[in-house]
Amino acid sequence: MSLKYAVLAALLEGAASGYDLAKRFDASMANFWQATPQQLYRELERLAGDGLISARVVQQERRPNKRMFTLTEEGREDLRAFAVAPPRPTTIRDDFLVKIQAVDDSDPDAARALVEERMEWGRGKLARYERLREILLDGRSEDAYLRTADRIGPYLTLMRGRSFEEENLRWGAQVLEILARRNAVSGRA
């Protein structure tokens, strides 16, 4: 998948400047799609050039003018076609897992430190996801939100991000336990 469809999907939330879109990516899409602000600005220009989004200039006092982007009907149609096409299978390319694969011929203390660091990142992500969840729910129960919200896609992807990080933490704890047991047997402490 290209950044194109991630941007189009993000614009389903409504008009956004490039800055707003970068914040939107960071808040609600970071669990499944990463993009730098520079990549987003380049993609916005391409999408506008292709007629999939429109741009309008908003005059601001005491600030530079900003461009606001919205989906065009052509952009919505393209996104709809993408959304119903079968996705390619997910593949993982993670240098962290290559390092864990090599744990038998490397420093177990370094491997433990890498796992602990990854777990700390996961806990941080879970905390951010929980804050986003509370914002989305806005005092409603999950069931009420899912029945009444205008859009549920952001919540569904948030659920996936949460379960992914929860599983990473479970796996990390298991790896640390295995490494500790192996070190105890080998006499390394």
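1. Helices are DSSP runs (H or I, at least four residues), numbered from the N terminus.

2. A word on the ground rules: this is a predicted model, in which local features need pLDDT of at least 70 and side-chain atom pairs count only at pLDDT 80 or more, while totals for chains, interfaces and linings use all residues. Residues are numbered from 1 along each chain as its sequence is written, and side-chain values use heavy atoms, with hydrogens and water left out.

3. α6 passes α8 in a left-handed crossing (the near helix is turned anticlockwise from the far one by less than a right angle; clockwise would be right-handed). The contact of α6 with α8 divides into 17 nonpolar, four polar and nine charged residues. In this scheme Ala, Val, Leu, Ile, Met, Phe, Trp, Tyr, Cys and Pro are nonpolar, Asp, Glu, Lys and Arg charged, and the others, Gly among them, polar.

4. Next, α2 and α3 (residues 37-49) pack at an angle of about 125 degrees, with their axes 10 Å apart. That makes α2 oblique to α3. α2 passes α3 in a right-handed crossing. G18, Y19, L21, A22 and F25 in α2 meet P37, L40, Y41 and L44 in α3 (contact means heavy atoms within 4.5 Å). By class, that contact has eight nonpolar, one polar and no charged residues.

5. Of its 49 lining residues, N31, F32, W33, T90 and R160 are the closest to its centre. A pocket is an open set of points on a 1 Å grid over the protein atoms alone, where a 1.4 Å probe fits, with protein on both sides within 12 Å along at least five of seven lines; lining residues have an atom within 4 Å of a point. Volume is the space filled by probe spheres set on the points, which are joined across faces, edges and corners.

6. α8 gives the most to the lining of the largest pocket, with 12 residues. That lining has 29 nonpolar, 11 polar and nine charged residues.

7. The second largest pocket has a volume of about 260 Å³. Here too α8 gives the most to the lining, with six residues.

Notes
Helices (H or I, at least four residues) and strands (E, at least two) are DSSP runs, numbered from the N terminus. Axes are lines fitted to C-alpha atoms, for helices over the stretch in contact, and angles run from 0 to 180 degrees between N-to-C directions. Angles under 35 degrees count as roughly parallel, over 145 as roughly antiparallel, 65 to 115 as roughly perpendicular and the rest as oblique.
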